[in-house]
Amino acid sequence: MTLGRGENPTRVKTRLPHLLMGVGILYFLVPLLWVVVAATKSQPDLLDSPALWFAEFNLFENIGQLFREDDGAYGKWLVNTALYSGLSAVGATALAAAAGYGLARFRFPGKRLFETALLGMIMVPATALVLPTYLILSEVELVDTMWAVILPSLLSPFGAYLIRVYVDESVPVELIDSARIDRAGELRIFWQIVVPMMRPAIVTVFLFTLVATWNNYFLPLVMLSDADLYPLTVGLTTWFNTAQQEAGTRMLFNLVVTGSLLAIVPLIVAFVLLQRFWRSGAAAGALK
Amino acid sequence: MLGTTWLAKLRGGLAACGLLAVAACGGAGGDDGPVTVSVWAWYPEFKGVVEAFNATHPDIKVEWTNAGTGADHYAKLKTAITAGKGAPDVAMVEFQQIPTFVILDALADMGEHGANEDEGLYAEWAWEQATDGDKVYAIPVDGGPMALMYRKDLFDQHGIPVPTTWAEYAEAAVKIKAADPNAHIASFGSDGGWLNGLMWQSGCRPYGYSHTTAKDQVKINLTAPECKRVVDLIGDLVDKGLMAKDPFFTADATAALDSGKYWTWAAAGWTPGYLAGSLKNTTGKWAVAPMPQWTAGADEQGDWGGSTFTVTKQAKNPKAATTVARELFGKSEAAWEIGLDKAFLYPLVKDVAADPAFTGKAYEFFNGQKVNEIFVPVSEKLGDFQFTPFQDFVYSELDDRSAEAMTGGRSWDSVLDEAQKNVVTYAEQQGFKVSK
Amino acid sequence: MRSTPITAPEADDPPPLAPVESRARRRSRRVTAHPVAGTLFVLPFFLVVVAFLVVPLGYAFWLSLSSKSLALGTRFSGLDNYVRAFTDPLLLDGLLRVVLFGLVQIPIMLGIALAGALALDAVTTKFAIAFRLIAFMPYAVPAVVGALMWGFLYSRTFGPFADLPTLVGGDPIDFFSVSLLLVSLGNIVTWAWTGYNMIILYSALQGVPREMYEAAVIDGATPVQIALRVKVPAIKQAISLAAIFTVIGTMQFFTEPQIMARFAPQISAGYTPNLYAYNQAFAYSDFHYSAALSFALGFLVFVVAYAFVFVNNRRRGKRA
């Protein structure tokens, strides 16, 4: 599209962006649409019918079969995933909120070193940590329990960083000082004054850690061997492998697809519903 | 919704077993009640097998976990072995992996608990691979004697003779292409185990290892003529576009098998069940023939796949674990009923394989052909074949180097030369003395 | 893209860090010398860092200082594993591949993200809101699910795209062929992370004061000129930090190639450095060498990221 042929500037102003966004919507949406469409198909239709159009509507049968297969394994995985990511996100957010506030508003020995190290912390490749973490957790008999997934997920250096930046910008030091003059305890100041003020940052960190644990694959794969404890990612991959290697006895591709759809829906809903909060939180990370 | 195991695990993890109480946690149950034996396996329909075992063994309770299929299962097993805890009492291990776990010092010798008595029960080649001298590291379960599945209807329709030698196979490939330009004789599946099976069938014996006799010596000879002729032939077919390139077991490969795109598949004793379950359009059109031979009239055979039960060194009660490994399938009729009819395993228990109920079974998928009449003699004919204690590395060399050849990155002729070189380097780096 | 980090779950692609200097100047006025309370606020987080980052890292480093050979057992070997790593052709191949991949994919992805962010900044219609939400959705799709999904979509049998060229008489596309494999992988990563980066850049754009380009509007600059000459320079810092985190994620490229290997046999054991480290540990049982590989990789990432920050700061310093 060419510009500047004497067109009305406001129309030029919106036509190019809209074109870009239209292409973008297609690009981002088509694969997701495929999942939705494929989840409505029976196993034979999945292999035979056109990829992006509906065949016989089989979604409810798929969902029924999904929750019955392997004695209701999928239901357990769903509950596990919600539990692991919920607990991890709450814990990680609480730790990050306290630490971020502590770093933003206090001075104590070793603080600068610790702040510098935060950036370094996120560069460590996961493969380097999974094995030693496994060895350590196996010493305390926590391997193959939910804690093996939750405890390592409590660590969120970026969360701490984001909160620190946000507090720095949005929580006036004067407010804290006046509360101190009123002889409020530090914990009370944090809980009653600071936390409400940094709600957007807290929602952001919560959502990001929630997604990270919800989507984590490698850590639970290594830590867990009991299928009753699997989260969705590991469970679905197990089914996918089964579908490939034992296709003769169990064709599970339709379940993998339907299960994938149900695994993404809750997160997308959470993001849409909470978008006002996390967008201003993310803005803090981008701007300040 | 959340089972009791789940809660028990949570509680057990937190309360009972603190850092200092590790020793108190490890022990097997008390004096009363059955001994619990944990098993990791990924056989299909395995639940019924476990139930059958528990019903007939009041003193032992098997707790089964599906810890993943193939690589995932091994990754977890190796991690648990490295950690020194967390491994199951009994683990499913495929034949080619046995020496790997032996050298990791992961497997208990079941010979100490009377497993040598089972020697006569299993196909000789399988027993050979599962044992080392009088040490019994594994109890065979299922195998994969190879044979040629082919589209009988298409071969008949176009008057193409079913190949009995590999030379005829190559000729058939040309005729198939002529009959249908979109068709291929088969696909190069990029599967180390499959290539290994074909080399085995060619009389190639590339590896030699015995942990008991010399644990730091290994034989690697991937460049013997019997090995190279396999890769040369297949590579030539791929280069000429007569053989397709889809990896096995992908949806693409399955669809191609079901749509007349591939006319043959040199596969194994477990394949009939696999095909019958996944191909719907071509039921009744397939048939099984013995593998093509390298020398007309010869009877060389190979195996692709198969698995065993092993007892790990972390087993709390190795004796009970040995019983589990030996008797989960073993002579159990109930287990084999499931194994044969639902899981489509090829039985390595000689009596089960020789049973008319097995050999005489007519397969609708193969238009009523009694295909096991072909597989059983193959299994009986299979001779000695050894694996290296680092077979994962060897298979990934075979896969990666042939993938390079498949995509034009190297000549097929150099695939095994390069793999040989890399495997020898790796073996020496791992401290082995390598002979050819 | 990327491995699923166990310590810093969102390490993959966190939103860009803020510029440091302006804050540093202000901080002295704003902090309280209250060491006990401050320490107590940071302590729980610090303990988790120690337990799940410092100790495992230390342990991994200790592991990397000894070697285990299958035949000879374990022995202390000092830095031998590192010498081996930097002369290991498999590692170097993988490293080169990932660098090439990053050099092409990162600019494309950030370019699209920036274009999207500028578009969002220019219009505020319902359509724009829909676009913003849809573009962000892939972020909520687990990498494992995303890779499986694209595996299906690329498939010749039931994917919608492979046969497109046949409509105009061309040959079907093989997304897993050598020439296209990296492109196919790059597309998966781009699909998953563009929206995320776009939101970050869009948030940064929202913070640019309107006065900054009112003058340009009066001067008669076109919207495109304003976007390129005023808005983009204004959020340069956010862009370069997004780039750093993308570089970090790319260097740790793991999940997508690992899943895709089921469809594409030419994804070898050493296709990416992280995949190689994984295979060394979990397939070949060489946890010592694997730890050394991970460390070497982490070190390289560290050097690259800091070099990036350094160059960036110097460039800014010169301008100012």
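## Chain A: overall make-up

In chain A, residues 24 or more positions apart account for 73% of the contacts with a separation of 6 or more. The model described here is a predicted one, and the secondary structure of its chain A comes to 14 helices and 0 strands, so that reading along the sequence gives the pattern α-α-α-α-α-α-α-α-α-α-α-α-α-α. Of the 288 residues in chain A, 57% are buried.

One residue of chain A deserves a separate remark for its backbone. D70(A), which lies in helix α3 of chain A, has a phi near 50 degrees, a positive value in a residue other than glycine. D70(A) is buried, because 20 other C-beta atoms are found within 10 Å and the cut-off for a buried residue is 20 or more.

## Chain C: overall make-up

Chain C contains 13 helices and 2 strands, and buried residues make up 54% of its 320 residues. Among the contacts in chain C between residues at least 6 apart in sequence, 70% join residues at least 24 apart.

## The contact between chains A and C

The contact between these two chains takes 93 residues from chain A and 96 residues from chain C. On the side of chain A that touches chain C, the largest share, 15 residues, is supplied by helix α1 (residues 9–39) of chain A. Sorted by class, this side of chain A has 67 nonpolar, 19 polar and 7 charged residues.

Helix α3 (residues 59–105) of chain A packs with helix α2 (residues 35–64) of chain C at an angle of about 135 degrees, and their axes are 8 Å apart. The two helices, α3(A) and α2(C), are therefore oblique to each other, and α3(A) passes α2(C) in a left-handed crossing. From α3(A) the contact is made by L95(A), A96(A), A98(A), A99(A), Y101(A), G102(A) and L103(A), and from α2(C) by G38(C), F41(C), V42(C), P44(C), F45(C) and V48(C). By class, the contact of α3(A) with α2(C) has 11 nonpolar and 2 polar residues, with no charged residues.

F240(A) is buried, with 24 other C-beta atoms within 10 Å. The C-alpha atoms of F240(A) and L252(A), which are 12 residues apart along the chain, are separated by 6.9 Å.

Helix α13 (residues 318–327) of chain B is mostly covered, with 9 of its 10 residues buried. The buried residues of α13(B) are P318(B), A320(B), A321(B), T322(B), T323(B), V324(B), A325(B), R326(B) and E327(B). In chain B these buried residues pack against the helix α3 (46–56) and against the strands β1 (35–40), β2 (60–65), β3 (90–94), β6 (139–151) and β13 (303–311).

Helix α3(B), one of the elements against which α13(B) packs, also packs with helix α14 (residues 333–341) of chain B, at an angle of about 175 degrees and with the axes 9 Å apart. The helices α3(B) and α14(B) are therefore roughly antiparallel to each other, since an angle over 145 degrees counts as such. In this contact G48(B), V49(B) and A52(B) of α3(B) meet A334(B), A335(B), I338(B) and G339(B) of α14(B), and the residues divide into 5 nonpolar and 2 polar, with no charged ones.

## A positive phi in a loop of chain B

E45(B) is found in the loop between β1 and α3 of chain B, and its phi is near 55 degrees, a positive value in a residue other than glycine. E45(B) is partly exposed, with 16 other C-beta atoms within 10 Å.

Methods
Residues numbered from 1 in each chain as written. Chains lettered and ligands numbered in written order. Predicted model: local features only at pLDDT ≥ 70, side-chain atom pairs only at ≥ 80, totals over all residues. Buried ≥ 20, exposed ≤ 12 C-beta atoms within 10 Å, placed from the backbone. Helix = DSSP H or I, 4+ residues; strand = E, 2+ residues; numbered from the N terminus. Contact = placed C-beta atoms within 7 Å. Nonpolar A, V, L, I, M, F, W, Y, C, P; charged D, E, K, R; others polar. Axes fitted to C-alpha atoms, helices over the stretch in contact; angles between N-to-C directions. Parallel < 35°, antiparallel > 145°, perpendicular 65-115°, else oblique. Left-handed = near helix turned anticlockwise from the far one by under 90°.
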